[in-house]
Amino acid sequence: MATDNNRFQAIISHCKEYGFIFPSSEIYDGLAAVYDYGQWGSELKKNIKDHWWKSMTQLNENIVGIDAAIFMHPTTWKASGHVDNFSDPMIDNKDSNKRYRVDHLIEAKAEELEKEGHEEQAEILLKEMDTLLAADDLAGLKRLIETYKINCSVSGTGNWTDVRQFNLMFSTQMGSVSEDANEIYLRPETAQGIFVNFLNVQKTGRLKIPFGIAQIGKAFRNEIVARQFVFRMREFEQMEMQFFIRPGTQKQWYEHWKQERMNWHLALGISAEKYRFHNHVKLAHYADAASDIEYDFPIGFKEVEGIHSRTDFDLTQHQLYSKKKLQYFDNDINEETGKPYGNYIPYVVETSIGLDRTVLLLLSEAYEEQDLSTEEKKDSRVVLKFPPKFAPIKLAILPLVKKDGLAEIAKDIMNDCKLHFKCFYEEKDTIGKRYRRMDALGTPFCVTVDHQTKEDNTVTIRYRDSMKQERIPIAQIKDIVQTAIS
Ligand code: GAP
């Protein structure tokens, strides 16, 4: 049985063994902090994407979706502030040559203190760190590391360089002749693709403020400390939504989206104790308020989503750098002045959730090792208790034996159901082994076709979580699954 400490490792191994997530280019020993989604991981990920997309663009009449390119004009990143500001304070250990993000190094120390029962000291350390980060006091951060005797986990020493800022963007060249080639960046957030398209979408969609633009896509960051499976990757996916509002209403909309997004998380069926808000003290260069939704991963409470009040920073900057007006004409009447609000650059509240972190969240929530031993025999199973909506496979169809026409009946059920949801047909191995495999993949329903099926058109349905089995008519299978996933 996995203890709390090795639960994370158990989930990583499970993901690899059952086709969810593999290290990237593994035959070449992998690439640090880059992962590939296998056959079941990509189904899980797609189900999450579909759910988020629908909750944003279908359930909100004033939010539309786009799909912008990863490559953007390099001035985008100058305007957005990423060239100058998208950096983290880093420190190198002179003995091991390992580089660390300063906040991660200090947070790890705080966690260690907490585990040793020094909660108060841990809290003081984190408070001191927040104050120094907010003041950009790099020398102060180094002193803090020295005061708390924080050592490198590789060399074991506290022989540190000074703290310096490192930019996290990846760059490459666009153009065939090296002299003419432009340095361009792989986008570190999808949001800028929304900002530069703000007027295209507003005008062609005839959208009235307040309205939102949503997007799902890849983002790239040269993360320094990247050892936490899909929690911190160098290539990852974001699901972001920029909500364009009237200046002065940002506080109200920020609170609205904080609550809406927390409600979305709770509607996944996850208990409220597993979540908390973390309001930022040190704000990103574009924000006037920011909060993270943190989930209690097996590696502790960590950020899964950010809600940021980005003011009019991005649109103002793009207007300045592109010399194109990015204003909106608001003809609603301002009750105070009795005149239309007129032209202005909208303010923006953003919700930004990591898709890969949501995959990890659902895996962490779903993964269970169960001891099913009885006095007569030892037994156990690993089960992924995904909400049926997210399960990679919704229904497994299993003929008890291949012969006697049972396989044909099972295939007929498969052909009928596969038009509606993802099904899986399997005839190898004992039925018990097949059930266990489906538990490990998180399949909520299995139906078994046996000799009685030939007589009365019924099958045995087995429920993943309770392992209960009951006899139902074939005609009811589709309804049962569809009700569970809708
Ligand atoms: N547009 C705002 C923005 O990018 P962020 O807090 O830097 O804000 C938003 O990122 C979300 O993207 C995070 O809450 C996290 O879920 C996800 N994310 C960020 N960096 C990541 C990484 N290296 N690996 C996986 N997910 C990451």
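Visitor: What covers the buried residues of helix H7?

Guide: In this predicted model, the cover over the buried residues of H7 includes strand S4 (87–92), helix H5 (102–115) and helix H6 (119–134).

Visitor: And which residues of H7 are the buried ones?

Guide: Helix H7 runs over residues 138–147, and its buried residues are Gly140, Leu141, Lys142, Leu144 and Ile145. Just after H7 comes Lys149, which takes a positive phi of about 50 degrees.

Visitor: Okay, stepping back, how many helices and strands are there in the protein?

Guide: The protein has 16 helices and 23 strands, and its C-alpha trace spans about 75 × 65 × 55 Å along the principal axes. Of its 486 residues, 50% are buried. If you take the contacts between residues at least 6 apart in sequence, 64% of them join residues at least 24 apart.

Visitor: What about the ligand, how many residues surround it?

Guide: There are 21 residues around the ligand, and the closest are Glu189, Arg221, Met233, Glu240 and Glu303. Sorted by class, this shell holds six nonpolar, five polar and ten charged residues.

Visitor: Which atom of Met233 lies 2.8 Å from a nitrogen atom of the ligand, backbone or side chain?

Guide: For Met233 it is a backbone N or O atom that lies at that distance of 2.8 Å. Gln238, by contrast, uses its side chain, where an N or O atom is 2.9 Å from an oxygen atom of the ligand. Arg357 also has a polar side-chain atom 3.5 Å from a nitrogen atom of the ligand.

Visitor: How much of the ligand's accessible area does the protein cover?

Guide: On its own the ligand has 550 Å² of accessible area, and the protein covers 93% of that. The elements that give two or more residues to the shell are strand S10 (235–245), strand S13 (300–311) and strand S16 (347–354).

Visitor: Which one gives the most?

Guide: That is S13, which contributes six residues to the shell around the ligand.

Visitor: New topic, how many salt bridges does a search of the whole structure find?

Guide: The search finds 36 salt bridges. In general, side chains of opposite charge can pair when their charged atoms come close. One of the salt bridges joins the side chains of Lys45 and Glu237, with N and O 2.8 Å apart. This pair links distant parts of the chain, since Lys45 is in helix H2 (residues 39–58) and Glu237 is in strand S10, 192 residues apart.

Visitor: Are Lys45 and Glu237 buried or exposed?

Guide: Lys45 counts as buried because its relative accessibility is 9%, and Glu237 is buried too, with a relative accessible area of 6%.

Visitor: What does Lys46 form a salt bridge with?

Guide: Lys46 pairs with Asp50, and their closest N and O atoms are 2.7 Å apart. Both residues lie in helix H2, four residues apart, which is about one turn of the helix. Lys46 counts as partly exposed at 45% relative accessibility, and Asp50 is partly exposed as well, at 38%.

Visitor: Which residues do salt bridges with shared partners join into one network?

Guide: That network is made of Asp379, Arg381, Arg436, Asp439 and Arg462.

Conventions
Residues are numbered from 1 along each chain as its sequence is written. This is a predicted model: local features need pLDDT of at least 70, side-chain atom pairs count only at pLDDT 80 or more; totals for chains, interfaces and linings use all residues. Side-chain values use heavy atoms; hydrogens and water are left out. A residue is near a molecule or strand if one of its heavy atoms lies within 4 Å of it. A polar contact is a pair of N or O atoms within 3.5 Å; within protein, one must be able to donate a hydrogen and the other to accept it, and residues adjacent in sequence count only if both atoms are side-chain atoms. Accessible areas come from the Shrake-Rupley method with a 1.4 Å probe; for residues, only the protein chains shown count as cover. Ala, Val, Leu, Ile, Met, Phe, Trp, Tyr, Cys and Pro count as nonpolar, Asp, Glu, Lys and Arg as charged, and the others, Gly among them, as polar. Buried means under 20% relative accessible area, exposed over 50%, partly exposed in between (1.4 Å probe, protein chains only). Contact means heavy atoms within 4.5 Å. A salt bridge is a side-chain nitrogen of Lys or Arg within 4 Å of a carboxyl oxygen of Asp or Glu.
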